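Thanks for coming. I will go through one model today, starting with the ligand site and then moving to the core and a few loops.

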Amino acid sequence: MNTSTTATSTQHDTATMTAAIQRHYSGPEEIHVDTMAVPQPGTGEVLLEVHAAGVDRGVWHLATGHPFVMRFIGFGLRHPKQPIMGTDVAGVVTAIGAGVTRLAVGDEVFGTADGSFASFALAKEDRLASKPAEVSMADAGAMPVSAVAALQAVEDAANVRAGQRVLVLGASGGVGSFAVQIAVAAGAHVTGVASAAKATLVTKMGAERVIDYRTTDVTALGETFDVIIDAGSLTPLRRLRRILSPTGTLVIVGGEGGGFLIGGAGRALVAPLVSLFTKQRLRGLMSATSAARLRRVAALVESGAVRAAISHRYPLDQASEAVTDLAQGRIAGKAVVTVRARVS
Ligand SMILES: NC(=O)c1ccc[n+]([C@@H]2O[C@H](COP(=O)([O-])OP(=O)(O)OC[C@H]3O[C@@H](n4cnc5c(N)ncnc54)[C@H](OP(=O)(O)O)[C@@H]3O)[C@@H](O)[C@H]2O)c1
């Protein structure tokens, strides 16, 4: 295994690459392609030749600087600290930094990177796992952020079991489409909440029933669920608790909108406090990619239980449209930016 810092990185020392960047907090329509220096891997990092990069809500947050609190927690106070957009990645290792022991040049990997809407991207070794051989670069690139969040919500936070009644709000989204599949794989009876236009996708993911949030208030149906995963609504906790069984588990993944300072994160912060006073388990999720979690996602994919539902693909110079379309609700499941010309 190659542990040299320089053996393969020298060729990139003065090289440049194409990247989709945003230097100021603004709307995603400001994201544009520019020429940047190819970065050099530091300790514990690898340089990837990017093949595909998934689009997730986090990219919109990084581009816009909303909610404001994220500017104080390391993403850049006045402008994005990392101007290159994108986090999800699938690609090939082309150089390794000091201390990298698990990966070698030529490995095909997927995970999260620091600025993946580019020809090359840096990633920490412990945020990457081997790409399953039978999975395309596009599918692998669409998975990391959303599938890991879904895995943590369904398996780790809610411990979904066979026979349980599970409600997934935001079932047609990036996280939700994976959450439905992972819960179905556990043997649960899944109800998805999404717009009618995307109901077919949710059914294809394995949900037994789809409820259109635009016409039906799921909290007013008089039904209860053993587990509720909210990956898209801003439904107040008290209303969700009404349809949660007395010892059920609610996991708040997220929802868009909310106030200027913390956006839609309020419920996730309050949920654990309310949980202290009830037998219902109320959790707010703070997901994080790790090699171990990516390997669990890969195992689910290899077993045939889970796949990326990609509805839109964009070339790198249309990254702006990709993020805009996601923010406008035009994506069903996942969108992916294909960086290499021929990505299977
Ligand atoms: N906590 C964490 O660590 C973590 C990790 C990843 C993501 N997130 C957050 O989780 C949320 C979902 O992320 P995502 O990437 O899956 O976003 P996404 O792909 O845009 O999906 C959003 C989903 O929410 C649905 N939706 C919108 N309004 C709704 C409502 N009133 N009731 C029920 N469903 C509604 C959408 O349905 P239609 O499109 O059919 O209208 C869509 O299925 C975002 O807020 C994101 O920031 C949090």
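A residue counts as near a molecule when one of its heavy atoms lies within 4 Å of it. With that cut-off, 26 residues surround the ligand, and the closest are Ser-172, Ser-195, Lys-198, Tyr-213 and Glu-256.

Before the details, some bookkeeping. This is a predicted model, in which local features need pLDDT of at least 70 and side-chain atom pairs count only at pLDDT 80 or more, while totals for chains, interfaces and linings use all residues. Numbering runs from 1 along each chain as its sequence is written, and side-chain values use heavy atoms, with hydrogens and water left out.

Back to the ligand. From the side chain of Tyr-213, an N or O atom is 2.4 Å from a ligand oxygen. For Glu-256, a polar side-chain atom sits 2.6 Å from an oxygen atom of the ligand. Gly-173 uses its backbone instead, with an N or O atom 2.9 Å from a ligand oxygen.

Helices (H or I, at least four residues) and strands (E, at least two) are DSSP runs, numbered from the N terminus. The largest share of the ligand shell, 3 residues, comes from E12. By class, the shell has 11 nonpolar, 11 polar and 4 charged residues. Here Ala, Val, Leu, Ile, Met, Phe, Trp, Tyr, Cys and Pro are nonpolar, Asp, Glu, Lys and Arg are charged, and the others, Gly among them, are polar. Domain bounds come from an automatic or database assignment. The ligand lies between domain 1 (2–143 + 308–338) and domain 2 (146–285), because both give residues to the shell.

Next, the core. Buried means under 20% relative accessible area, exposed over 50%, and partly exposed in between, with a 1.4 Å probe and protein chains only. A nonpolar core is a set of buried Ala, Val, Leu, Ile, Met, Phe, Trp, Tyr and Cys residues joined through side-chain atoms within 4.5 Å. The largest one has 49 residues, and Met-143, Val-160, Val-166, Val-168, Val-190 and Ile-229 have the most contacts inside it. H3 gives the most to this core, with 8 residues. Domain 1 and domain 2 both contribute residues, so this core lies between them. As for H3 itself, 11 of its 14 residues are buried, including Pro-144, Leu-151 and Ala-157.

Now the backbone. Most residues other than glycine have a negative phi, and most peptide bonds are trans. Just after H3, Asn-159 has a positive phi of about 50°. Asn-159 is partly exposed, at 37% relative accessible area. The peptide bond joining His-66 and Pro-67 is cis, with omega about 0°. Pro-67 is in the loop between H1 and strand E4 (88–96).

Last, Thr-278, in the loop between helix H7 (266–275) and strand E13 (281–284). Thr-278 is partly exposed at 21% relative accessibility, and its side chain makes a polar contact of 3.4 Å with that of Arg-241.

Conventions. A polar contact is a pair of N or O atoms within 3.5 Å; within protein, one must be able to donate a hydrogen and the other to accept it, and residues adjacent in sequence count only if both atoms are side-chain atoms.
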